[in-house]
Amino acid sequence: MTALNSQNSAIQFSFAVDWDLPAGATTARFGKDLGPSTNPAIDEQGKNRTKKHIVIERACRSQKVEAQQLFDAARRATDGPNPRPKFPGWEWSFHEGDLLLNARRARHVRLMRRMSPSDLDRTVPLVPFALSHFPMDSWEIPSKSASRIAYSRVIRVQGGFSVQDRSVERARWLRDLLRFLPLRSQFVLSGNTRDLQIHEVGPGEVTAAPLSRVLPDVLKAAGYGRIAWFDLMNGFRDIEPADGSYLTQLGLVPTAGTAAGGIDLLSTTLERHVMAEGQPSALVVDFASRLIARNEALSPAEHQLFARALILSHAARPRPAGDKRLPFFNTVVWIVDKEGDLPDWFLIGNPKIRHVLIGRPDHLSRRSMIRSLVRSLPGAQNADQSELEKCTQGFVDETEGLLLLDVSAVAQLARTEGVQVDRIGDAVRRFKVGVTEDPWRKISRDKITSGEEFVRRRVKGQSHAVTHMLDIVKRAVTGIGQSPRGGRPRGVVFLAGPTGVGKTELAKTITSLLFGDESAYIRFDMSEFSAEHSDQRLIGAPPGYVGYDVGGELTNAIREKPFSVVLFDEIEKAHPRILDKFLQVLDDGVLTSGRGDRVYFSESFIVFTSNLGIYVPGPSGERIANVTPEETFEAVRRKVRSEIEKHFKQVLNRPEILNRIGENVIVFDFIRTEVANEIFDQMVDNLLKDVSSRGYDVTLTGAAREVLRGLCLSDLSNGGRGIRNQVEFHLINPLSRSLFDRGAEAGHRYRIEEIRPGPSTTIDLVSEHSP
């Protein structure tokens, strides 16, 4: 960015460059500032002039423009109070009043800016002269302030960002490749081949560039004088030298440095390349995985290609070359998606072929790139160095596991949507989950503060569980305690206890509290996943199996609704292999689907429910009660926690799962008598309200209610769900029968006088009013 301050007779001049790479490569912005007293055209006093330099890096070359000379030349180019700079290819137009400057160059450049005449006199000559030193495509104009005229310039160059960083050593795959160049005749590169690679273009100077640029640079620096590139779409092209001379030597007919060709021509050219005389040569075969339709059933042309390549790998002989007379093969490099894409008989056990795996970028690689990217983000120009360092570290942590292309895309997303540099985590979240708005930030704090009363109305007798759950919710909303690397779910909780005590109800209530709709949660009944292979239902079938194109139930649901409560009900009934899938989710908030897609759980709230610890196997294998309602809650809690730990550590042999849940294991108490009465009254009252909404006004006499209470609360072993079942049997069924049999119509008023238990409970229903 070129920023001109016309304040206090001083100017601040700085450059920033956007490097735009082909094929979705990285974008980065960086620059240097020139302080006051560098411009004689503006510094009328002419004192303390210092010579400073603007340095723009382009690949391995740099251009240095001395500020003193730049401004002197700009001043000489002006004539009169309203200057019209004289630079070839520029067209200028001015309008009266607030002058409108419209500058065009090469049909791609436009600068439009309203200025006062005095500002125009002092600043116009500087901009086009300075920027004419560099290639240009477009202008960007920031907002104008009262005291600053600001010009923003975008320069697009074939290349990558360049930054001084001595903390990054050469990538491991590069070291491996260079080490074995004198020892192996062919190489197979696999893994992260389509990402950007950190590449050292000078001592301590690194850049991010695609493999198609990095690999030729490395081979050339290693001593290869001739480098050719092949892929099925573009055929052959000369990289070094770029005049097509090597392609001609290989018997091809190049046009503008390229020659069309397919798999048959590659097969014959391969032999000519390996046996070529002269300087050491390298042939890179890109997208080699696409040379084969079916690995297990090669066509004659495919078989001939790799059979010839196999024989040539053994026939090749190194020759001394260069000043140091080092051994060189005429190397062949195959770039594939994965090692298994090439025939096994060609690669496995072949001592003349070296497989080199390109790994995903580590935090040092991301830091090297991010240090330049942050300077292009909104708000970075006004941030001091300490703030930028903090934002850089946050950016590095948030992008753990992402490719460098993804990191570049996050920065572009932040610029496009105006995400400030200190909120870069929002851009990462938007990139991962694909949602612009963050529902967690929209949740009202007052709603959460008063949420305890709301939850207690629906979950009875579990005050400790409600408090603990709300603490986790508040932590999720505020983000306190989140891993600095991001990615982990917003909250994880394990609800254990007897059946019917409110575990699932609490999950529904929390969902309603957070998102306003209790049905917004995603529920999985884990009893359906007891088979070993049922993990494919969650994440999707692997390639080659039925259902591969459909995806998994869990991964599809999270991709569709990343902001949600995910309930895994009765988790102990799932196959242990299923539980292994949760390790990655609980630790990193990521689950890889059967199709290889990464699904992020960073905005999810995960709830497990379980009945573990309530029953234990007896001496004869029968189930016996481990805890009873007669015991105190502390005793129940202690025994249940002990059995849960025993199950994960000794039975499943997976203590790491429990360790990732931590202290968020909440044990529910039995439904005690006083709580059971509250549940009963609430259920009966809600039932009568529902009946009334359908037009039937039904009431219970006090005696009938007490009889019903005794029937429903006689056995509390099944908790609130058992009470509901009894209310259904002793009240809902006989009431429905009586209303139906007597042909009751809406508007009538009825009173239940008596309830008589039996094999089929009956009631005395008395009509109090007829319309």
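I count a polar contact as a pair of N or O atoms within 3.5 Å; within protein, one must be able to donate a hydrogen and the other to accept it, and residues adjacent in sequence count only if both atoms are side-chain atoms. The model is predicted, so I note that local features need pLDDT of at least 70, side-chain atom pairs count only at pLDDT 80 or more, and totals for chains, interfaces and linings use all residues. Residues are numbered from 1 along each chain as its sequence is written, and side-chain values use heavy atoms, with hydrogens and water left out.

Entry one: the loop residue.
I found Asn 192 in the loop between β13 (186-191) and β14 (196-202). Asn 192 counts as buried at 10% relative accessibility (buried means under 20% relative accessible area, 1.4 Å probe, protein chains only). Its side chain makes a polar contact with the side chain of Asp 195 at 3.1 Å. The Asn 192 side chain also reaches the backbone oxygen of Gly 359, at 3.5 Å. Beyond neighbours within four places in sequence, I list Gln 197, Ile 358, Gly 359, Arg 360, Pro 361 and Leu 403 in contact with Asn 192 (heavy atoms within 4.5 Å).

Entry two: the helix pair.
I checked α24 (residues 673-693) against α25 (residues 702-712): their axes come within 11 Å and cross at roughly 125 degrees. From α24, the contact uses Asn 677, Phe 680, Asp 681, Val 684, Asp 685 and Leu 688; from α25, Arg 705, Leu 708, Arg 709 and Cys 712.

Notes:
Axes are lines fitted to C-alpha atoms, for helices over the stretch in contact, and angles run from 0 to 180 degrees between N-to-C directions. Helices (H or I, at least four residues) and strands (E, at least two) are DSSP runs, numbered from the N terminus. Buried means under 20% relative accessible area, exposed over 50%, partly exposed in between (1.4 Å probe, protein chains only).
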